[in-house]
Amino acid sequence: MWLKPEEILLKNAFKLWVTERDNEYFVLQRRRGYGEGGGGLTGLLVGTLDTVLDSTSKVAPFRILHHTPDSQIYWTIACGVTKEEIVQHWDWLQQNIMRTLAVFDSSEDITSFVQGKIRGLIAEEGKASLVLEDDPEKFREALLRFEKWFELPAQEKLVTYYSCSYWKGKVPCQGWLYLSTNFLCFYSYLLGAEVKLVISWDEMWRLEKTSNVILTESIHVMAHGEDHYFSMLLHISETFLIMEQLADYSIKRLFDKESFQREPALSDPLQITKRGLETHARSEQFRTFFRLPKEENLLEVHESFLWVPYSHFNTLGKICVSETYLCFASQDGSQCHVIIPMREVVNVEKPDVSSKALTVCVRGKRALRFSEVREYQRLANTIRSRCGISASPQHSASTETIQGECQSLINHFEDNPEDVTLMVGQKDSSKAVSTEALMTVFHPQDVENLDPKMLKEKMKEQSWNIHFSEYGRGTSMFFTKKTRDLIVRGVPEALRGELWMLFSGAVNDMATHPGYYTELVEQSLGTSTLATDEIERDLHRSLPEHPAFQSDTGISALRRVLTAYAYRNPKIGYCQAMNILTSVLLLYAKEEEAFWLLVAVCERMLPDYFNRRIIGALVDQAVFEELIRENLPQLVEHTTDLSFFSSVSLSWFLTLFISVLPIESAVNVVDCFFFDGIKAILQLGLAVLDYNMEALLSCHDDAEAVTILSKFFDSVTNKDSPLPPTVQQAPVGNNVKASHSNVDISELIREAYEKYGNIRSEEVESSRKRNKLYVIQTLEDTTKQNVIRVVSQEVRFSSSQLDEIYNLFKRQHFLSCYWTMKSPALLHHDPSLAYLDQYQLGFQQFSALFALLDPWAFCAHKSTASLWVFRLIDENQDGLVNFKEFSCALDTLYNGSFTNKLKFLFKLHLQPAFTGSPLHVKEQRIQHFNPVTEDSSHFSRITAYDLAEDGVIKKSPEKGRGKVDLQAYLKQWQDEILKKEETIKDLPRINQTQFIQFSKTLYNIFHGDQEEEPLYRAVAHVTSLLLRMEEVGRRLQVQPRSPRELAKSADAIPEGPSAEDALTTPECSDTSSTHSTQDAGADPSEVDWSFSFEQVLASLLNEPAIVCFFDRPVDFQTRLGQAKAAQLKLKANK
């Protein structure tokens, strides 16, 4: 590898390097302790220095130096891991540089020329792969070390590296931590002790920052049941952020099957960079804080002051700019923040250059002034270009008017802040489905009603109107502590839908997608899928006591919203609890608004909640359990297992307390949720447990605790609710008042904010990421145990062996996904499949893994035999093999009887496994192993397979889209139940072509050792015997004869072709057979012959050598260990 020329003094390194070659201008050196004469104390010391010190010496044991005769200064220009590599560089210098150097007169010119040439070579090499790295030169050196030490596949992308200490037991090892796309690696070499660690991100159970007495601050990684600690990191926060991002990226890509199409920095696993991950993390945090769509990315950040009219002062904070939004958050994040969609911006002015200020004018005669912006000119230009102000004729026609208006607004803000009116444009009315919120239809407010509850409702509305006049209304409203106080006190019925849309960010989604919901409704209308069937089943279970859902109006609206969302997002489709949540949304929001609220909840606010495994809810349960430990120590001391509270709180998270609280109380919780996110639900959960602390501490079992909480929820009321009794839910319990006094929901929420309001959203998000790894790995482990339990009933492997086979199988599945986004495993992943089919292998992956575990090594990687095995065990012929099919095949080969093993080999040469004659084997191999396509072309000859374009059959329709053939599923299930054990009499006969290939397969099973000579002779004898028997049998069938004639006929049959001739020249055997039968008077059309399995079995049973070979036990445990060590290296050597 060429290196950026660096100056060294040779006299300081004469003890560490040995000169191998030299000439007038270059020196090739070898590091002491490497190569010839290596080892000993010198080798130990040099190896230790190479690992600990960050120098060229640790990169490689060979290097080339440049020097001139009249100078004592040397320059490193190249290094190499092997002598062959460094010699190639040396030869290139001799051929291309040495002759040119003779034309220069001065040493300075020679050195300058050499340095320039080397830099040019480096730039050419790194033009494609290193262009995105911060320091390409150092990164090249680190990349070489990474490849040398860990021998991972060449496609593996190194992201970054850090110097750190790894604690092995109680002893720290100083070395280097390498973070790549799919692996965490560590290497250390101290005084002969080499420490090498490779952990894939998808195998991690824990990743967190910890501290204790010994380690002030360290990073804890748990994988394979072992704990690993990394400390002494110079930038531990940066390191942890990158590790967290890589682990999350791996989980989303491999487990959630995300393709990151909207995020170019993450769309290609071969191009992941540290800078891209950091940018992604900032954008993710930006979107979460401001509740923005997933398409938004953080582009610019500027520190500035914002003039806040309601407080009459400038507040310090940061301006965040994305593609379509301009956002501001005060420095502590709690005082205020504001979101300005670019579509609302009318003009941008810079009234005062001295104060570095600019003014953004928005619709509704409103302006925001930012001052002390360091790059105010750049920011102004960015906003103008994003808004298209200069190009828009409606703005350019009235520039002077807008300038005057903006200036007058600023002056008015500064002189009369108390008179400021902040209004924004009204939202466009929904064009999709012209319906009102169901609450206004089924419970219109009576304006003339002046009862106390209605009067209080009017007072709430007045409070909010005052708030709007001070802080703004609509998309550009200021979010402050006062806004939260009003939320806690309760949102008036008339404003609930508008505020939900605003706080969730759904108002922006709907504004930027006009007509989208209408199109979805039209496209999804009349579709029949598994999702729509589930929706129909749950429609009448959604708030059945509410009048709105006792009529067709509410049921139809609910059906349209849920069906449209299932059509929009087939990955989620429909999940239980979505109907309950959507019902409440429809009560207070128009139909299209309810749809966008559902989008905001499912895709942003509650990620991964509504899927088959409800991972998001389980993660938040783990977060809730952590908060219980921190905030309710009494309960922790009394309860040995906190998993009970996690279980009982599942419905709280999935339905936002709607399923456990009366509807008039639950909507207040939903108000808080849309403003504060999941933090509000966690706070309320803690408040509920705290309120019932004494009763829970006196419980004797879980059932008693469930009863206490159930009665408590029934006692929660909303004394300010203006809803009539027909709409309000009645308590479920019969003796509620006897056991619980009524609790007002507003008081409960206020208490939750007072006691637990110090919980920060950032801490919740961090805890979510930390617990997601553990939750997913726990689910994966449960899936593995379920699969092993099912498969263990049909195989003779032990549970521990099945566990290791499963790990190998799963790793092989992931290997097909590590370095590409277009793997069939990713493209055709169907989360609706049973756990047995969640991980499957295409032919390429199967062939590689089976070659590692094949007991006889007759299925070499990419061989035709492995293709036959794959076709045979692929029972449903979908082009994919699941773990059960794979394990049963291995069980037959390792633990089956002689008959079963022979039957397996026999069936390999029947259809659908075997499809061609030996004459076409070469043609098959070319077709089946075309390197351009993967997992597809090898099925080109199988007409029985109805393949998709990419060669992989989907086992079930795409969730949420295609029609599900339930009858086909039921028939398949019935066939599996009624399937009886196959007997040898059920096997079809094997024809001439298949028999010849069967004999060749028997030969390939043996390894060619001299000890196996009897096996070859036995196979030849059996083959010859079977051919003679078949010849006699066919002569009997063709022309019956007397016993005397039969005897003469048998004597006339020659010994027949040798077995090897029959196997290598099938034409000859065909000719001799045909000639014999024709001599016997047979019809030419009846020249083919065949064998039954009974004939083959009986003949082979008479050969003890063959029987002993197949009955000989194979050490499967050793083969598993070898496969585990070679699995990744096999991929690297491909």
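Which residues line the largest cavity? They are Leu207, Phe240, Glu244, Ala247, Asp248, Ile251, Lys769, Arg770, Lys772 and Leu773. The model is predicted, so local features need pLDDT of at least 70 and side-chain atom pairs count only at pLDDT 80 or more, while totals for chains, interfaces and linings use all residues. Residues are numbered from 1 along each chain as its sequence is written, and side-chain values use heavy atoms, with hydrogens and water left out.

## Empty spaces inside

Rolling a probe the size of a water molecule over the atoms shows where empty space is left. Here a cavity is a set of points, on a 1 Å grid over the protein atoms alone, where a 1.4 Å probe fits but cannot get out; its lining residues have an atom within 4 Å of a point. Grid points are joined across faces, edges and corners, and the volume is the space filled by probe spheres set on the points. Searching the whole structure this way turns up 8 cavities of 30 Å³ or more.

The table sets two of them side by side. Its residue classes are nonpolar (Ala, Val, Leu, Ile, Met, Phe, Trp, Tyr, Cys and Pro), charged (Asp, Glu, Lys and Arg) and polar (the others, Gly among them).

| Cavity | Volume | Lining residues by class |
|---|---|---|
| Largest | about 90 Å³ | 5 nonpolar, no polar, 5 charged |

Helices and strands are DSSP runs numbered from the N terminus: helices are H or I with at least four residues, strands are E with at least two. Helix 6 gives the most to the lining of the largest cavity, namely 5 residues. For the second largest cavity, the largest share is 3 residues, from helix 25. Helix 12 (452-471) also supplies at least two residues there. That lining has 13 residues, and those nearest the centre are Lys460, Glu493, Arg496, Asn668 and Asn718.

Thr239 sits in helix 6. Is Thr239 buried or exposed? Thr239 is buried, with a relative accessible area of 0%; buried means under 20%, exposed over 50%, and partly exposed in between, using a 1.4 Å probe and protein chains only. Beyond its neighbours within four places in sequence, Thr239 is in contact (heavy atoms within 4.5 Å) with Tyr162, Leu177, Leu179, Ile219 and Leu233.

Helix 7 covers residues 274-290, and its 17 residues should span 24 Å at 1.5 Å a residue. That expected span is 1.5 Å times one less than the number of residues. The end C-alpha atoms of helix 7 are 25 Å apart, which agrees. Among the buried residues of helix 7 are Leu277, His280, Ala281, Phe286 and Phe290. The buried residues of helix 7 pack against several elements, including helix 6, helix 31 and strand 14 (313-321).

## Positive phi values

Just after helix 7, Arg291 takes a positive phi of about 55°. Glu372, which is not a glycine, also has a positive phi, near 55°. Glu372 lies in the loop between strand 19 (366-371) and helix 8 (376-387), and is partly exposed, with a relative accessible area of 44%. Phe657, not a glycine either, has a positive phi of about 70°. The loop that holds Phe657 runs between helix 24 (650-655) and helix 25. Phe657 counts as buried, at 0% relative accessibility.

Terms used. 1 Å grid on protein atoms, 1.4 Å probe; cavity = no way out; pocket = protein on both sides within 12 Å on 5 of 7 lines; lining within 4 Å.
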